[in-house]
Amino acid sequence: MKTLFEPFRIKMVESIRKTTLPERIQILEQAHYNPFLIRSEDVMIDFLTDSGTGSMSDHQWAAIMLGDESYAGSKSYYHFRDTVKEITGFKHIVPTHQGRAAERILFECLVKPGDVVPNNTHFDTTRANIEYAEAQALDIPIPEGLLPSVSIPFKGNLDLDQLRELLARTDIHIPLAMITITNNAEGGQPVSMENIRETSRIMRDKGIPFFLDACRFAENAYFIQRDEPGYQDKTIDEICREMFSYADGCTMSAKKDGMANIGGFLAVNNDELATNARNLLILTEGFPSYGGLAGRDLEALAVGLREAMQPDYLEYRIRTVAYMGERLVKRGIDIVQPTGGHAIFIDAGRFYPHLDKSVYPGQVLVCELYRIGGIRSVEIGSVMFGKQNADGSEDEYLGPELVRLAFPRRTYTQSHFDYAIEVIAEAFQNRKMSKGLRIVKQPKFLRHFTAHFAPV
Ligand SMILES: Cc1ncc(COP(=O)(O)O)c(C=O)c1O
């Protein structure tokens, strides 16, 4: 059969309140043209993030009832820990409330002011945590990764030549290197096993730790199985084990391929690093057997991590993204090619050729999609990665101006995606009428979350 249906039945429903165009115009204005500041009940289809927004399964809800809420030594912790160990092979598993807590703890242990941390592409929280440690977060993607229209497999790869050049420099200190799987900031593009293996070899030669930012490890494994020669007969489990075997540890936001609403972890092999991390964990997150999570969360994660690795689920998930991508491309809309694992990334720079970077074309499109159809998305461009200097001038961001529509896991069905395609097509038809935005208020770090905008 050609039709690939959602590999689940719906057992519980959540109503979507329909809003009108005049309502949405007013809501947008009240939210200072920043959809992060809109109440979720005013959003009809929420593609803001795939983080923590998926639906849990009957097995996860059942596991929640088994949560052991003991402060120390909870059996839910051991269930969670053993599952993560089986999947990753790492020695020490430190639970955290979400990914950024794992990042903060790891960098506090390893990174000193002035250090340089290379990554294929840092996600915003990773970058912010490194910069908070007064170090430099350096993106070294392969050149094709920066070109939205170039369609090659494993476009999320790290540039190995740049990594070698960096390591040869004597004027900088590199405390660790990272690879983000999949490469979220560049379109959810996967990283090949070969690239992970080679990065590991280079880093191990130098005796410098290598970590994975593993939020979407299962989606990455699916692409390896589908597209990388030699992996078609390997199971997703085997591929995951191999990916993790090349690293010295990982940070994980389990709100993605953990299929849970909250949770994360730091996994490491080094005993001393694990001890230091646990000491910091106690300071802000909690005792090492819960790390800021309830026992029931740990149970939901232990089940969810396995569900994210199911082949039928992964096939449906990746195909859904491709379905929407194909339909947008047919309408002449430029998106990051090929479609990646968890989201569609529209090239807002090409969508609005008449709008300069300085008036934030991505943010304009984000607002248009909300105004026209109550769809929430996020800008990944000059707003997210640009920075205001102390004198009020702006550090220009040189990457593409993207808008991400991230798909919550197991949450929306095909008609929701068809509706979204219609809304985007209408914005495209009327694109010449759209005007730019300016920032009127912004915080020092992670400005996209809370910045206020006004029409130019
Ligand atoms: C690649 C990547 N790393 C890290 C994070 C941070 O995870 P969390 O939101 O759980 O703190 C995210 C979240 O979106 C992500 O996509």
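Biologist: Where is Ile 38 found?

Modeller: The model is a predicted one, in which local features need pLDDT of at least 70 and side-chain atom pairs count only at pLDDT 80 or more, while totals for chains, interfaces and linings use all residues. Residues are numbered from 1 along each chain as its sequence is written. Helices (H or I, at least four residues) and strands (E, at least two) are DSSP runs, numbered from the N terminus. Ile 38 lies in the loop between α1 (21-30) and β1 (45-46).

Biologist: Is Ile 38 buried or exposed?

Modeller: A residue is buried if 20 or more other C-beta atoms lie within 10 Å of its own, exposed if 12 or fewer, and partly exposed in between, with C-beta atoms placed from the backbone. Ile 38 is buried, because 20 other C-beta atoms lie within 10 Å.

Biologist: With which residues is Ile 38 in contact, leaving aside its neighbours within four places in sequence?

Modeller: Two residues are in contact if their C-beta atoms, placed from the backbone, lie within 7 Å. For Ile 38, these are Ile 27, Ala 31, Val 43 and Arg 376. Arg 376 is 338 residues apart from Ile 38 along the chain, yet their C-alpha atoms are separated by 9.0 Å.

Biologist: In which sense do β5 and β6 pair?

Modeller: Two strands pair if DSSP finds at least two bridges between them. β5 and strand β6 (residues 210-213) are parallel, with four bridges; Ala 177 has Phe 210 as its bridge partner in β6. Within β5 (residues 177-180), Ala 177 and Ile 179 point one way, Met 178 and Thr 180 the other way, and all are buried.

Biologist: How many residues of helix α8 are buried?

Modeller: Eight of the 11 residues of α8 (residues 217-227) are buried, and the helix is mostly covered. Its buried residues, including Phe 217, Tyr 222 and Phe 223, pack against α7, α9 (236-245) and α12 (311-330).

Biologist: What is the strand order in the open sheet of three strands?

Modeller: The order is β9-β14-β11, with antiparallel pairing. β9 (343-347) and β11 (378-380) stand at the edges with a single partner strand each, so one side of each has no neighbour in the sheet. Five bridges join β9 to β14 (residues 402-406), and Asp 347 stands opposite Leu 402 in β14.
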